[in-house]
Amino acid sequence: MTKWFHSGRRRDLCALLYDHGELRAQSAKSRLESHYDERIDPGSFYGTLSALVEAGYLDRRTEGIADVYALTDAGETALLDHYAWLGERIEGGDGASDLKD
């Protein structure tokens, strides 16, 4: 897994964008806050968005005064690869062998 995906917030943000196609930054932030049931520091959140854009996993465009974000092909591939890996851990593992490794 690439380093950018070590953050749960990054993964969750990419999952939201995969589900919705594209979102305004504030809408994405509000949806994550609802999911986490807690406030997210704006500076931290926008830093996450910027890091994902700089790494090539999100596209950003301006619509009026708002920034709108969407997954790039690289972001979608990374998200789906992680989803497959997670599915193997949950559905395919017996748990006991993982503890020995």
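Mentor: We'll go from the fold to the core, then the charges and the surface.

Trainee: What am I looking at, and which residues count?

Mentor: This is a predicted model: local features need pLDDT of at least 70, side-chain atom pairs count only at pLDDT 80 or more, and totals for chains, interfaces and linings use all residues. Residues are numbered from 1 along each chain as its sequence is written, and side-chain values use heavy atoms, with hydrogens and water left out.

Trainee: Okay. How many helices and strands does the chain have?

Mentor: There are 5 helices and 3 strands. Helices (H or I, at least four residues) and strands (E, at least two) are DSSP runs, numbered from the N terminus.

Trainee: In what order do the elements run?

Mentor: From the N terminus the order is α-β-α-α-β-β-α-α.

Trainee: What share of the chain is buried?

Mentor: Of the 101 residues, 29% are buried. Buried means under 20% relative accessible area, exposed over 50%, and partly exposed in between (1.4 Å probe, protein chains only).

Trainee: On to the core. Which residues have the most contacts inside the largest one?

Mentor: Leu13, Leu17, Phe45, Leu49 and Leu58, in a nonpolar core of 18 residues. Such a core is a set of buried Ala, Val, Leu, Ile, Met, Phe, Trp, Tyr and Cys residues joined through side-chain atoms within 4.5 Å.

Trainee: Which elements supply at least two residues of this core?

Mentor: Helix H1 (8-20), helix H2 (25-36), helix H3 (42-54), strand E3 (66-71) and helix H4 (73-92) each do. H1 gives the largest share, 4 residues.

Trainee: Zoom in on Leu13. What does it touch?

Mentor: Leaving out residues up to four places away in sequence, Leu13 touches Ala28, Leu32, Phe45, Thr48, Leu49, Leu52 and Leu58.

Trainee: Leu52 is on that list. Where does Leu52 sit?

Mentor: In helix H3. Leu52 counts as buried because its relative accessible area is 1%. Its C-alpha atom is 9.9 Å from that of Thr72, 20 residues away along the chain.

Trainee: How many aromatic pairs are there?

Mentor: The structure has 1. Phe45 and Tyr46 form that pair, edge-to-face, with 5.4 Å centre to centre and 85 degrees between the planes. Rings of Phe, Tyr and Trp (its six-membered ring) pair if their centres lie within 6.5 Å; planes under 30 degrees apart count as stacked, over 60 as edge-to-face and the rest as tilted.

Trainee: Is Phe45 buried or exposed?

Mentor: Buried, at 0% relative accessibility. Tyr46 is partly exposed, at 32%.

Trainee: Switching to charges. How many salt bridges?

Mentor: The structure holds 5. A salt bridge is a side-chain nitrogen of Lys or Arg within 4 Å of a carboxyl oxygen of Asp or Glu.

Trainee: What are the details for Glu63 and Arg24?

Mentor: Their side chains meet at 2.8 Å, N to O. The pair links distant parts of the chain: Glu63 is in strand E2 (residues 58-63) and Arg24 in strand E1 (residues 22-24), 39 residues apart. Glu63 is partly exposed at 32% relative accessibility, and Arg24 is partly exposed at 42%.

Trainee: What about Glu63 and Arg61?

Mentor: They form a salt bridge too, at 3.1 Å, N to O. Arg61 is partly exposed, with a relative accessible area of 35%. Shared partners join Glu22, Arg24, Arg61 and Glu63 into one salt-bridge network.

Trainee: And Glu33 with Lys29?

Mentor: That salt bridge has an N to O distance of 2.6 Å. The two are about one helical turn apart, because they are 4 residues apart in helix H2.

Trainee: What is Lys29 in contact with?

Mentor: Ile40, Pro42 and Phe45, leaving aside neighbours within four places in sequence. Lys29 has 7% relative accessibility, so it counts as buried.

Trainee: Last one, the surface. Which residues make the nonpolar patch?

Mentor: Trp85, Leu86 and Ile90, over about 320 Å². Patches are made of residues with over 30% relative accessible area and no salt bridge: like charges are joined within 9 Å, nonpolar side chains (Val, Leu, Ile, Met, Phe, Trp, Tyr) within 5 Å. Accessible areas come from the Shrake-Rupley method with a 1.4 Å probe; for residues, only the protein chains shown count as cover. Trp85 lies in helix H4 and is partly exposed at 43% relative accessible area.

Conventions. Contact means heavy atoms within 4.5 Å.
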